[in-house]
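Here are my notes on this model, point by point. Have the structure open while you read.

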Amino acid sequence: MIWPRVVCLIIGYICGLFETGVILGKLHNVDIRKHGSGNIGTTNMMRTMGFKYGIFTFFGDLFKAILAAVIAIIIAKQFMPTEPMTLVLYSGLGAILGHNFPFYNGFKGGKGIATSAGMIVALSLFDIKFFPVGLLLFFGCVAITRYVSLSSLLLITGLFVEMVIWSNIGWIDGIFKSNKIELYILTGIMVVLSFVRHKENIKRLINGTERKIGQKKEA
């Protein structure tokens, strides 16, 4: 069925439009898009408004993906009971697109990592392995490198690798052969989006100029 997929993608996009960083900033007369890196995500909020607001931003952006996933699961129970994970991925992709490309801001938004993390939390409802592996990949990389951008890319790339490997060795419940390729395509698109949105970070990582956690901006 095509229409549940389209509906979940649209619902996800709508949920993704609620930009936590922009909302929090405006409540304190700060346009986060005009400060620091100009990004509306967790890292720039921490650097601009402090740790507390960065954490609020992270969980706000995470929750909107979970909300979209919950709605997708409800739809799946009624119309696609054998493929709930498929619809969760569509809702997650929609939320990432809404966060990264909000129509009301000239399609200029964030990078979608906290939103992707929310989708990974939702996927853990089907298989708990997604959650601890995601934590290990992200925070392990942060602890070793202190690069948030690199850790973010590893998180979303890891999701794609997990989906491919685990589904083929039978470690993921609820994945059927009929939709494996579809799941790979959806997570693959998320990886591409993440790398595209982090292209400037990638350039700085290659050049050795990417800022680490706790590193002050050079004058």
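1. Start with the inside. The largest nonpolar core holds 37 residues, and Met85, Leu89, Leu123, Phe130, Leu159 and Met163 have the most contacts inside it. By nonpolar core I mean a set of buried Ala, Val, Leu, Ile, Met, Phe, Trp, Tyr and Cys residues joined through side-chain atoms within 4.5 Å. Buried is under 20% relative accessible area, exposed is over 50%, and partly exposed is in between (1.4 Å probe, protein chains only).

2. Which elements give two or more residues to this core? They are helix H4 (51–79), helix H5 (84–100), helix H6 (113–123), helix H7 (130–145), helix H8 (148–168) and helix H9 (180–197). H5 gives the most, with 7 residues. Another core lies apart from it, with 8 residues that include Val22, Ile32, Met45 and Met49. As general background, nonpolar side chains tend to be buried together in soluble globular proteins.

3. A word on what you're looking at: this is a predicted model, where local features need pLDDT of at least 70 and side-chain atom pairs count only at pLDDT 80 or more, while totals for chains, interfaces and linings use all residues. Residues are numbered from 1 along each chain as its sequence is written, and side-chain values use heavy atoms, with hydrogens and water left out.

4. Not counting residues up to four places away in sequence, Phe130 touches Met85, Ile120, Leu123, Ser124, Leu159, Glu162, Met163, Trp166 and Ile172. Contact here means heavy atoms within 4.5 Å.

5. Now the overall fold. The protein chain has 10 helices and 0 strands, and along the sequence the pattern reads α-α-α-α-α-α-α-α-α-α. Its radius of gyration is 17 Å, close to the 17 Å that the globule rule gives for 219 residues, so the chain is as compact as a globular protein of that length. The radius is taken over C-alpha atoms, and the rule is 2.2 Å times the number of residues to the power 0.38. Helices (H or I, at least four residues) and strands (E, at least two) are DSSP runs, numbered from the N terminus.

6. Some whole-chain numbers. The C-alpha atoms fill a box of roughly 55 × 35 × 25 Å along the principal axes. Buried residues make up 48% of the 219 residues. Of the contacts with a separation of 6 or more, 68% are between residues 24 or more positions apart. The accessible surface comes to about 11,200 Å², and carbon and sulfur atoms account for 70% of that (Shrake-Rupley method with a 1.4 Å probe; for residues, only the protein chains shown count as cover).

7. The buried residues are Ile113, Ala114, Thr115, Ser116, Ala117, Gly118, Met119, Ile120, Ala122 and Leu123. They pack against H3, H4, H5, H7, H8 and H9.

8. Ser116, in helix H6, counts as buried at 4% relative accessibility. Leaving aside neighbours within four places in sequence, Ser116 is in contact with Ile96 and Ile156. Ser194 sits in helix H9 and is buried, with a relative accessible area of 3%. With its neighbours within four places in sequence left aside, Ser194 is in contact with Ile113, Leu153 and Ile156.

9. Asn168 belongs to helix H8 and is exposed, with a relative accessible area of 52%. Leaving aside neighbours within four places in sequence, Asn168 is in contact with Lys180 and Tyr184. The C-alpha atoms of Asn168 and Leu153, 15 residues apart along the chain, are separated by 23 Å.

10. Finally, the backbone in two loops. Asn29, in the loop between helix H2 (20–27) and helix H3 (42–49), has a phi near 60°, a positive value in a residue other than glycine. Asn29 counts as exposed at 76% relative accessibility. Phe107, in the loop between H5 and H6, has a positive phi of about 60° although it is not a glycine.
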